[in-house]
Amino acid sequence: MRKSLLIATLVASAMSASAAVEVGFMDASKFNLGDKPTIPAMTELVATENAAMYYLNEDVASAQNCDFQGFKTVIVNGESCTLVPGIGGSTNPAAVNLMEGPATGGCKYLIKVKKNGWVIVPSKISSNKNFYVYEGLDGENNTPVAYTLGMDLQSADYPDITQIIYTLPADADGYLNLEAANIDDYTLGSTAIAWPIKIATHNNDAVSGGNGTGVIIFPVYAEAENYEVFATGSKMNTCGYIFVEGDPTGAAPAVSLFCAGSDDRAEKTIVVTGEGGNSALGTIIADENANAPMYNIYGQRVNESYKGLVIKNGVKFIN
């Protein structure tokens, strides 16, 4: 846990706003996932200069892909990160009661960081899973972190919802604020974080809208070091992480999801965070109208005078 948030914040504030994007995508082939091996607890999946990801608990693993329906790229601060084959577990973590503590056991990923900043975890996100980030390790007073989740959604059940983006309410330290006035928008009155589709529709009876490529974004502190990422209701899968050094008390990095065009689909960009993205608390669903804002391919908002490739209402065209 953080012991001196003020010191950490002062150090982070002195860092460059244009910090490098550190991509920690794993080489899943080295685990022989086709054989569905049992991977021991605390097996290192991938490591970079300032972060590393581990398979937290012993579990049977299988090959999984984060990309879905053509979304194969995550753009972070203008840098394109192409998704690679990843890894998924077989055991569902126990259900979470936010008042009592995190899930135990099952498929969970541990990220260790050496510097303050932000972590982006790509995943094929199911709209009927409960997603969590905890600071600290199980049994060590670990605390739920307020994260941003953004995902593509292509569902016949919800044709008007093409993306789901929300940020959980946070306290001053970036933890999940269980006392926030709008906490029921994200728990729907229960003791667990609700499914993404239920948060998007504000309907506890919503059915699953299916899968979509997505990201989970959250602030990290070197002093805390350990961050658990997982889902309940089923298992989460990922191909690694993207680390951006910076001020965890400030604005999140600019993050977008990108789908290249093909004969049977249009190019599409989903702005998750950054200008025009979800910089405030709440759920944002695509604004499907003629006055919707335009963005360039890096997720930056542009006006009508901008020349080049732009995205409006999720559709890319030349302006």
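Buried, as used here, means under 20% relative accessible area, with exposed meaning over 50% and partly exposed the range in between (1.4 Å probe, protein chains only). At 0% relative accessibility, glutamate 228 counts as buried, and that residue will be our way into the fold.

Some ground rules before going in. This is a predicted model, where local features need pLDDT of at least 70 and side-chain atom pairs count only at pLDDT 80 or more, while totals for chains, interfaces and linings use all residues. Residues are numbered from 1 along each chain as its sequence is written, and side-chain values use heavy atoms, with hydrogens and water left out.

Now the overall picture. The protein has 3 helices and 25 strands, where helices (H or I, at least four residues) and strands (E, at least two) are DSSP runs numbered from the N terminus. Of its 319 residues, 53% are buried. Contact means heavy atoms within 4.5 Å, and among contacts with a separation of 6 or more, 70% are between residues 24 or more positions apart. The protein exposes about 13,200 Å², and carbon and sulfur atoms supply 49% of that area; the areas come from the Shrake-Rupley method with a 1.4 Å probe, and for residues only the protein chains shown count as cover.

How far can you trust the coordinates? pLDDT is the predictor's confidence in each residue, from 0 to 100. The protein averages 85, and 82% of the residues score at least 70. Where pLDDT is low, the predicted coordinates should not be read in detail.

With that in mind, look at the open sheet of 6 strands, which runs in the order 3-4-9-16-11-12 with antiparallel pairing. Its edges are strand 3 (43-47) and strand 12, each of which pairs on one side only. Two strands pair if DSSP finds at least two bridges between them; strands 11 and 16 are joined by 6 bridges and run antiparallel.

Glutamate 228 sits in strand 16 (residues 226-232), with tyrosine 134 standing opposite. Leaving aside neighbours within four places in sequence, glutamate 228 is in contact with a set of residues including Leu56, Lys108, Tyr132, Gly136, Asp138 and Asn142. A polar atom of the glutamate 228 side chain lies 3.1 Å from the backbone nitrogen of aspartate 138.

Next, the charges. Side chains of opposite charge can pair when their charged atoms come close. A salt bridge here is a side-chain nitrogen of Lys or Arg within 4 Å of a carboxyl oxygen of Asp or Glu, and by this rule the count comes to 6. In one of them, aspartate 138 pairs with lysine 108, the closest N and O atoms being 3.2 Å apart. Aspartate 138 lies in the loop between strand 11 (130-135) and strand 12 (143-144) and lysine 108 in strand 9 (residues 108-113), so the pair ties together parts that are 30 residues apart in sequence. Aspartate 138 is partly exposed at 29% relative accessible area, whereas lysine 108 is buried at 1%.

Glutamate 228 and lysine 108 also meet in a salt bridge (2.9 Å, N to O). Because glutamate 228 lies in strand 16 and lysine 108 in strand 9, this pair ties together parts that are 120 residues apart in sequence.

Elsewhere, the side chains of glutamate 245 and lysine 115 form a salt bridge (3.7 Å, N to O). Glutamate 245 lies in strand 18 (residues 240-245) and lysine 115 in the loop between strand 9 and strand 10 (117-126), so parts that are 130 residues apart in sequence are tied together. Glutamate 245 is partly exposed at 22% relative accessibility, and lysine 115 is partly exposed at 31%. Through shared partners, salt bridges join Lys108, Asp138 and Glu228 into one network.

One last stop is leucine 153, in the loop between strand 13 (148-152) and strand 14 (163-167). Leucine 153 is buried, at 2% relative accessibility. Glutamine 163 is 10 residues away from leucine 153 in sequence and 5.0 Å away in space, C-alpha to C-alpha. Beyond four places in sequence, the contacts of leucine 153 include Ser127, Ile161, Ile197, Gly209 and Asn211.

Technical notes
Polar contact = N/O pair within 3.5 Å; in protein donor to acceptor, adjacent residues only side chain to side chain.
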